[in-house]
Amino acid sequence: MLNPWQCVKVFMEEYFYHCPYCFTEVSLLVDLSVSEQEYIEDCERCCNPIQFSIQVNGNQEIEAFSAEPIGQ
Ligand SMILES: [Zn+2]
């Protein structure tokens, strides 16, 4: 019998993007096991909230990545 934990692999990829507010290049660890992700995280430099939309394809590759400012 297979231990279910042996089947679970964590795929993380460091992705570099530019903050839409301060234009600093920052890196983000993307979980490649989740195909569609949307979340909000603060920029580590200027602390403004950034909306991330990430799509991962079946080969665990980042297919789409966007970092947008939250509209006022
Ligand atoms: Zn920033």
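# Close-up views of a predicted chain

**Overview of the protein chain.** Among contacts in the protein chain between residues at least 6 apart in sequence, 27% join residues at least 24 apart, where two residues are in contact if their C-beta atoms, placed from the backbone, lie within 7 Å. This is a predicted model, in which local features need pLDDT of at least 70 and side-chain atom pairs count only at pLDDT 80 or more, while totals for chains, interfaces and linings use all residues. Residues are numbered from 1 along each chain as its sequence is written. The secondary structure comes to 1 helix and 5 strands, arranged along the sequence in the pattern α-β-β-β-β-β; helices (H or I, at least four residues) and strands (E, at least two) are DSSP runs, numbered from the N terminus. Of the 72 residues in the protein chain, 6% are buried, a residue being buried if 20 or more other C-beta atoms lie within 10 Å of its own, exposed if 12 or fewer, and partly exposed in between, with C-beta atoms placed from the backbone.

**View 1: the open sheet E3-E4-E5.** In this view 3 strands form an open sheet in the order E3-E4-E5, with antiparallel pairing; two strands pair if DSSP finds at least two bridges between them. Strand E3 (36–42) and strand E5 (62–69) stand at the edges and have a single partner strand each, so one side of each is left without a neighbour in the sheet. From one strand to the next, the twist averages 15 degrees, with axes taken as lines fitted to C-alpha atoms and angles running from 0 to 180 degrees between N-to-C directions. E3 and strand E4 (residues 49–56) are joined in the antiparallel sense over 7 bridges, and Ile-40 stands opposite Gln-51 in E4.

**View 2: the hairpin of E1 and E2.** E1 and E2 pair in the antiparallel sense over 7 bridges, and the bridge partner of His-18 in E2 is Glu-25. The hairpin has 6 residues between the strands, and there Phe-23 takes a positive phi near 60 degrees. Strand E2 (residues 25–31) is hardly covered, since the count of buried residues among its 7 residues is 0.

**View 3: two loop residues with positive phi.** Most residues other than glycine have a negative phi. Cys-47, in the loop between E3 and E4, has a positive phi near 65 degrees, and with 9 C-beta neighbours inside 10 Å it counts as exposed. Gln-60, in the loop between E4 and E5, has a positive phi of about 55 degrees, and with 12 C-beta neighbours inside 10 Å it also counts as exposed.

**View 4: surroundings of Phe-11.** Phe-11 is found in the loop between helix H1 (4–7) and strand E1 (12–18), and it is exposed, with 12 other C-beta atoms within 10 Å. Leaving aside neighbours within four places in sequence, Phe-11 is in contact with Leu-32, Ser-33 and Gln-60. Phe-11 and Glu-61 are 50 residues apart in sequence, and their C-alpha atoms are 9.9 Å apart in space.

**View 5: surroundings of Ile-62.** Ile-62 lies in strand E5 and counts as partly exposed, with 13 C-beta neighbours inside 10 Å. Not counting residues up to four places away in sequence, Ile-62 touches Glu-13, Tyr-15, Val-30, Ile-54 and Val-56. Ile-62 and Asp-31 are 31 residues apart in sequence and 9.6 Å apart in space, C-alpha to C-alpha.
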